[in-house]
Each structure stands twice: as structure tokens, then as C-alpha cells.
Amino acid sequence: MILPLHEEVRARVRDALARLHGITDAELTIPIEYPPNRALGDLGTPVAFDLARRLRKAPRAIAQELAGAIGPIAGVSRVDAAPNGYLNVFLDRPTFLLARLGLAGSLPPAPARPEKTIVEHTAINPNKAAHIGHLRNSALGDTLVRVLKFRGNPVEVQNYIDDTGVQVADVVVGFQQLEKLSIDDAKRIAASTRFDYYCWDLYARVTEWYDGDKERLKIRAATLHDIEHGVDPTATLASFIAHTVVHAHLKTMARLNIDYQLLTWEGDILRLKFWARAFEVLKETGAVFLQSEGKHAGCWVMKIDDPDAAPAEDGEEDPEAREKVIVRSNGTVVYVGKDMAYQFWKSGLLGRDFLYRKFATRMDGDTLWATTSDQSQAVAEHPKFGDAAATYNVIDVRQSYLQKLLKQALSAIGHPQEADRLKHFSYEMVALSHATAQQLGFAPDPNSEEAKKPFVEVSGRKGLGVKADDLIDRVIDKALAEVDRRQSDLPPDERRRIAEQIGAAAVRYFLIKYSRTTVIAFDIDEAVSFVGETGPYIQYAVVRANKIIGKLQERFGLDETATLAGLPGSPPDLINEDAELWALVLEASRLDEIVEQVVRSLEFAVLAKFGFGLAQMFSAFYQNPKQSVINEDRAEARRWRAAAVVYCRQQLTRVLDLMGVAVPARM
RNA sequence: GCGCUCGUAGCUCAGUUGGAUAGAGCAUCUGGCUUCGAACCAGAGGGCCGCAGGUUCGAGUCCUGCCGAGCGCACCA
């Protein structure tokens, strides 16, 4: 918790500026930064540079005036003007640490954020096993959920299931046409094999089959039609495939501590006629209109307004390029129409609701709900879903255009605020490194275009990709080998559990540490590594911290509370003089600031780097014999160091929790 | 053609409201386990921040142009 101090320093600088120079403009921002080293200060601001021209004074002189006029600030020991013009602040170290441990004073409460936020993520086509690209989506989405909750936002997590799309239809075609299998055969396969893996292979074969004769695509169209209209046996088989694969996906995600509150099924959106209602709204508000001329004649279209687009230079611009067809001339709705209906519902603007049924049990024991359109399945008592003040849609960058259309649709029906509060959480895709593609047996022809690209694109249609569970298995196996080597006294099931925790940390950290705009060229060897900047590195730091606290009890018979209880009032020399210890405490306190930055930028790489950097500082501290806690003879020094360890461990544990990662009992 | 992203160490990447000396991991090299357990730590080498202009007290970060790469822009989903 450092943000309240930032605010206090800002307020006092503002106050001093008003008194000294009559500067009261609210637009003046006072940036708070961290000087390059603690000898210069704990916090600092370059505000004097901004004012130099305005006040016709050297930055240094302004900073000096401010330092003299700012007066005492609670929690601050001194304010200095640096020779180059920075205004630097030194904190009262003992008070700072004691307050953060809840041993002195009280920290201001977090701001209330009562408005409900929906986060939709994962949305994997339920026709095959999840792959690493899907994992990036889910890891980002779940981290977003955790970060929002951390700062007090009520969050509803949804996973959209496209059970009536082409991809499910393709696997149905595989069962019916290629394998000549019935629903009972499918059930038999599901009972005896990895069904999602089976579908993975079958899906790739269906793609090849289509390539063999384009006429076969007509079978796909007919299958899709049967699914949409509930024609059996096709519809029942499709439903079975989708449900079975969804359960497999849930299982996969649970291995990474990812789950959901509600599964929204596209089939229910169709059957409950959400689109018909959305279409009414769009027509009533004039958001869409029936085009009577040009190439879109007979279609219902929406104007695309693009304020960023350059104006047509010589009036030769194609007017149709500024229109998006929403309803085709044959009366059927385009894909994005269903998305609009779903989004209107999320934003509480549809005037219609799903029915709900219980689907499964969540990891914390709560109910995982699913939508339904079947009265006989519907449960009367259910939580209120949808109708959120803000929405985050976690979808890769290729969907940017469609997400933009969704925002425009909200605007066009007269709800610009809702449009503004719909955020497309976009991120780049996961591809494969050439080395990994080769290991999988997908080496492109060295003379082909593909070979010249910086990475190899994943393709579900070709069956080219790394399955999520295969990756997780490999990482866990490797972790288990390490655990077996180091913790041979532990029973096998406990070792297994630890390996699973370490594996989840490795995978999740790997998926979070890149910025959203970076294409991850997935390399298997890099992903399974536990050395350096990885999740297990952070876990290891926390395990070491726990070790110190355990030893303290063993050696001195003091538990954590007793150790800390002796701190208030004890001589603060150590923390005042030990730069390394203080740097650790100050850095640890920045979590709230980091979380705000993460929500503002939607960059979880920031969180990952913070966790790693703090763990790194702690590891150095731990490894330094001069900083030993239990070998320290002076009781006060021991207590201050223990306090720093406790605080650091607390903050690192929170960071891991935000990443959906647990702390192993031992490593 | 238009739009959006990206180009930083040998490799993979940070540098997200323009700030003090451009960082991390991996790889390479040198040290360190009878120590709070080395999944670690200490240290070394390694940079025209794609190129050229501009704005600013200050630019890896903002603007313009160029070069190079990726992804979008359907009466597909």
C-alpha cells in the first residue's frame, strides 16, 4: 500500500504551490516517481521542471522553495531538493513498515467500486481439445478477474460456448460421414478415451476431406442447418459433442485454477430469439436500415462511423465500404448480429433474459451456472446474471474489427456510455517457434514462404498446435522429477500436489509475462523451464521466506505474532541504517500501485515483472549472510528483518494469488 | 489500397501517463553450497533503442516520412 502516500505527497505539493505561487489549476499533474536509488530519496517528483518556464525560475530554485514550504507530512521524515531540480521525499521507515503490518496506525480504506463488471473469456469452440493459444486467453482473462476483484470490483465471469457453429458441425460431419458413427458410438468413445483429443484428430481429417472435394462443403451446410434447427439425429450428436468437450475444457482450465460463474450457450441465444429482439431495438433506433440501392440492396446495414479514417480525398470513396451488412438479403443474420444481441444482454439493454440451470460445481464449491432455453431444466432460484455497468471481452486482436462494431451498435441504439464501458481486451496470438514446430513433426518446406516467417502459425484445422493438457503434463512431469530429487521424504501424493502447483505457476507466468501486443513464438523448452524469470522462481522466494519464519519458531520459540509484537517502540536503528532491507520493504509496498497500473494499461506483464523483481530482491537478501535473520544475535535487528520478511512474503503471496498461483509447502 | 500492431544486447523480451546512469531472463565466461536448503546468489563481457527529420528543459517513449515484419478490412464464422 503506497498509493495513499502518493496522494498525500501530491496534495501537499499542490498546497505549497498554491500558497507560494497561487497555482491552483486542477490540470497540473504531479507525477510521483522513484529516484534511481534510495540515497536520493524514496519518492520524487519532477514537477519543478514543468513549472520552470511558467515561473521563469530554475527548476532547482523552485524545488528548493517547495522543500522549504511543504511542511511536515505524516509518514515523511524529510523533503529534499536535488541539485538537478527534482523534489525528493524520504519516508519514516519504522512507521511505514509497522503500519503496513497492521502494527501501528491504520491505512485508509480502499475506494468503493460497487459497479458490476462482466469479464468474458476463454470461448473455445467446443469441438476439440484446448491448445496453448486458448490458454493465453484464459490466463489473461482469469488474471483480469482476479485483479479487478482485488481492487473491489464485483465481477461476473462468463465463458461463451459456440455450440451451434461451423466448427462443431465439422466434427459432427466427421462422425457421420468419415467414421459412420452414431451417438451411441460417440458415447462409447467418450467413456473410453480422451474425447477432446479424439475430436482434435478427427477435425483435422475432416478439413482434409473437404479439401478432397469442395462439393462436400454442402454436407457441412446441411449439418449446420440441422444443428440450428434441432433436427435429429444430428442435433443430439452435436449437443453431445459440445457438452463433452466443454467438460474437458473446464477440467483443463481447472488445472490452472481458472473457472467461471456462467456458461452462455449460443444455442440458447438462438432459441430464445435474442436476435429478433435485438433486431427490433436496432430498427426502432434507426441503427440499422434497409438499403434500397447499390450492391447492398435488400440488406439491413449499419453505418460504420470511423472518426479516425482519413476523409475521402476526391469523393471517389465507395459508399458501401462504410456500411456493414447485418442481415443478408435472404433474411438471415450475419455472425456479428448474435454478438450484438449477447452484448445488449450483458449491458442490460436487451429486455430479455436467459433461463438458467446448474451445470457443475466450481473449484470453491459454488455452482457453475449455464444458460438454458428449456423450461424443464430451468431453475427458478438463480443469481442475477448480465446487466453489468462495464464489460471486458477477452478476444484476440484479430477480432478487433468486430468488437469495434459491437461498440458502435451500442452507441447507435443510444447508449454511448455503455459503448464506452465496453472494453475489447485484445492480445496477440500464440504461434510456434520453428524448433518446436519441428519437434511436433511440422517442419515447413525450407523453400516455402512459411519457412521464412519468424514463427509457425497454429492451426486447429490442420491439427497443428500444442495441446494445453500436453503442455501442462510435461511441465508437471519435469517439476515432479525435481521435487522427487529434493523432497524424497514426502509421500508421493504430496510430491505430486507440489509438482502440480509448480507446473501451474510455470505455465501461467509464461502466458502473462509477455505484453499483449507481442506474438508469442511458443517454444516448448523455454516454457517448461523453471530457471530465471518464471513463476516457480517467485514461489521459491516465498517458500524460502516461510522457511525463515519456521526457523525462527524452532530456534527462538517465537511465532510470527510474537516476533512482530515486540517491534513497536523498539530501537529503529537497523531499518533506518540498512539500505537493502529498506529497499525491499519499499518495493514490496508498491503492489496497490502496480494493480492500478495493470488495470489502466491492461498489461499483466507489469504484474509479472513486479513479482519477479520483488522475488529477485528477496532472494538476494536471503542469500546475503549479513542479512541472516536466525543467525543474528541482536534481538532488535532480528525482529526488523523478520518483519521485512513477513511483509515481503505477504505481498509476494498476493502477487501469486493474482496470477492464480498457489504457494507450495516445500520446494 | 485503407486501418491496427510491432522493430531495443547473440536469442527471447521489459521499459504503459516523456524524466535522473536503457534493464531482465537465456546463452557465454569467472567465483560461491558444513550457511535462513544453490529451482539460488555475486561478478564480467555484450546496445548507431530499424533509418532520417521534428516537438521538448529532457525522447527508446510523442509527431512526420521512409524501410522491414505481423494481423485485420466479406451478403464467412
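How many nonpolar, polar and charged residues make up the surface near RNA strand B? That surface divides into 31 nonpolar, 19 polar and 19 charged residues, where Ala, Val, Leu, Ile, Met, Phe, Trp, Tyr, Cys and Pro count as nonpolar, Asp, Glu, Lys and Arg as charged, and the others, Gly among them, as polar. The structure is a predicted model, in which local features need pLDDT of at least 70 and side-chain atom pairs count only at pLDDT 80 or more, whereas totals for chains, interfaces and linings use all residues. Residues are numbered from 1 along each chain as its sequence is written, chains are lettered from A and ligands numbered from 1 in the order in which they are written, and side-chain values use heavy atoms, with hydrogens and water left out.

**View 1. The protein surface around RNA strand B.** A residue is near the strand if one of its heavy atoms lies within 4 Å of it. Of the 69 residues around RNA strand B, those that come nearest are Arg 53, Tyr 86, Arg 486, Thr 518 and Tyr 540. The largest share, eight residues, comes from α26.

View 2. An N or O atom in the side chain of Arg 486 is 2.2 Å from a phosphate oxygen of RNA strand B. Arg 486 also forms a salt bridge (a side-chain nitrogen of Lys or Arg within 4 Å of a carboxyl oxygen of Asp or Glu) with Glu 482, the closest N and O atoms being 2.6 Å apart. Both residues lie in helix α18, four residues apart, about one turn of the helix. The side chain of Gln 623 has an N or O atom 3.0 Å from a sugar or linking oxygen of RNA strand B.

View 3. An automatic or database domain assignment divides chain A into domain 1 (3-91), domain 2 (132-272 + 354-385), domain 3 (434-527) and domain 4 (535-658). The contact (heavy atoms within 4.5 Å) takes 22 residues from domain 2 and 26 residues from domain 3. Together the two domains bury about 2200 Å², 58% of it on carbon and sulfur atoms; buried area is the accessible area (1.4 Å probe) lost on putting two parts together, summed over both. Ile 132, Arg 136 and Arg 255 supply 35% of the area that domain 2 buries against domain 3, more than any other three residues.

**View 4. Salt bridges between domain 2 and domain 3.** Five salt bridges are found across this interface. Arg 461 forms a salt bridge with Asp 170, with the closest N and O atoms 3.4 Å apart. Side chains of opposite charge can pair when their charged atoms come close.

**View 5. Backbone geometry at Pro 233 and Asn 257.** The peptide bond from Asp 232 to Pro 233 is cis, with omega near 5°. Pro 233 is found in the loop between α9 (217-229) and α10 (234-254). Asn 257, although not a glycine, has a positive phi of about 60° and is found in the loop between α10 and β6 (262-265).

Notes. A polar contact is a pair of N or O atoms within 3.5 Å; within protein, one must be able to donate a hydrogen and the other to accept it, and residues adjacent in sequence count only if both atoms are side-chain atoms. Helices (H or I, at least four residues) and strands (E, at least two) are DSSP runs, numbered from the N terminus.
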